[in-house]
Amino acid sequence: MLIERADVIVTSPGRNFVTLKITTDDGVVGYGDGTLNGRELSVASYLTDHVVPLLIGRDAHAIEDTWQYLYRGAYWRRGPVTMAAIAAVDTALWDIKAKVAGLPLYQLLGGASRDRCLVYGHASGKDIPELFDSVRQHIEEGFRAIRIQTGVPGLDSVYGVASSAAAAIGDDTRYDYEPARRSALPAEESWDTRAYLRHVPSVFEAVRGEFGEDIALLHDAHHRLTPIQAAKLGKSLEPYDLFWLEDVTPAENQEALRWVRHHTTTPLAIGEVFNSVWDYQHLIREQLIDYVRSPITHAGGISSVRRIMDYAAMYQVKSGMHGPTDVSPVGLAAAVHLGLALHNFGIQEYMVHSEQTREVFGPTHEFAHGGLRPSEKPGLGIHFDEDLAAKYPYERAYLPVNRLQDGTVHDW
Ligand code: GCO
Ligand code: MG
């Protein structure tokens, strides 16, 4: 079974997505996600200009060989663009292999290790009453694990907080803080770490007081802290028993996590911007983290995330795959298939895609009892509507830039 063609489809049903469609000579079609939020066209070009010509005529079953060929063969290894492109190819080939086998993909990855994949949703509010409404809404929808983000007194807009109360309790703009924004230049936000560190513990105290001890709570610091600030935050949140504290420091420096770890028992998650097992080398071996955040879409695909998770399993580190709306329904479907099969699955991030997006990619999973189950159809279970996708052309969009109040550029 040879690869006959490969098409890169960029569509923007509410936000931009990069999808690779591989077709074999006997007409089997597989899909892969290569979306890189705010830098989508660089992956599209990497695929179209450099990868697609290498795929034509290759054995569609040779997934590992193709992965190594693209990874080692480029000479220039790793990096978000390269690894998103490889992820798209790898995922599409797994989709094809499972379709040919007539099995849902998780069966080829070892079969189900659980009934469903526990997920967490995003609750947010500019203040406590708005946040409570959003948490309540999530509980009513069936979520058992919820990420908590709020405004900080004195700051106009903060990462992770929906812009209006209506958005925070759920319509298609619920995650309006998330997609890169369609504007000529990036939006600018401002930041004050001391104000944030003073405020966050009181938020978790209020949420525990209102909603009790049972619900799993998470929080994302979005790479904004120094190691000692992060250690302080972890320590101050210990009474509220977080499921995890995410991305406390900029991710490039693995050493930073050692300082955080020495000072707090709050579980740590990191890695949504990592793209290979090497980024986790010390973090996992020295048990400096508890959860791996890499999604299939940004870390080289199913083959490569499975390698990371097998390494992590030796050190009791679990998965917590990144699942914002910038991972397309194809990337999410792949995550749920792999998550169902992995022994060391931890939790899956789940932000419901907009209705426009769901119309283009079709239904891919079932949400019930706080968790996701993948489709039982052969492959990933994607029904991509190309005609509809063509109605939503790409629109340039940027993630925001963050500045301290004196104007210094800070991590967003
Ligand atoms: C998360 C992430 C996202 C990122 C987004 C950037 O935990 O879901 O931090 O919110 O901001 O993926 O494109
Ligand atoms: Mg995050």
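Ligand 1 sits among Asn37, Glu178, Asp220, His222, Glu272, His322, Pro324, Asp326, Glu349 and Leu399, where a neighbour is a residue whose C-beta atom, placed from the backbone, lies within 6 Å. This is a predicted model, so local features need pLDDT of at least 70 and side-chain atom pairs pLDDT 80 or more, while totals for chains, interfaces and linings use all residues. Residues count from 1 along each chain as written, and chains are lettered from A and ligands numbered from 1 in written order.

| Contact of α7 with α8 | six residues | three residues | one residue |

Now the helices, which are DSSP H or I runs of at least four residues. The axes of α7 (residues 193-211) and α8 (residues 227-237), lines fitted to C-alpha atoms over the stretch in contact, come within 9 Å and cross at roughly 15°. That makes the two roughly parallel, a label for angles under 35 degrees. Thr193, Leu197, Val200, Pro201 and Phe204 of α7 meet Gln229, Lys232, Leu233, Ser236 and Leu237 of α8; contact means C-beta atoms, placed from the backbone, within 7 Å.

Thr264 belongs to the loop between α9 (256-263) and β9 (268-270). Beyond its neighbours within four places in sequence, Thr264 touches Ala231, Gly234, Lys235 and Glu238. Thr264 is buried, as 20 other C-beta atoms lie within 10 Å, and the cut-off for buried is 20 or more.

How values were computed
Axes fitted to C-alpha atoms, helices over the stretch in contact; angles between N-to-C directions. Parallel < 35°, antiparallel > 145°, perpendicular 65-115°, else oblique. Contact = placed C-beta atoms within 7 Å. Nonpolar A, V, L, I, M, F, W, Y, C, P; charged D, E, K, R; others polar. Buried ≥ 20, exposed ≤ 12 C-beta atoms within 10 Å, placed from the backbone.
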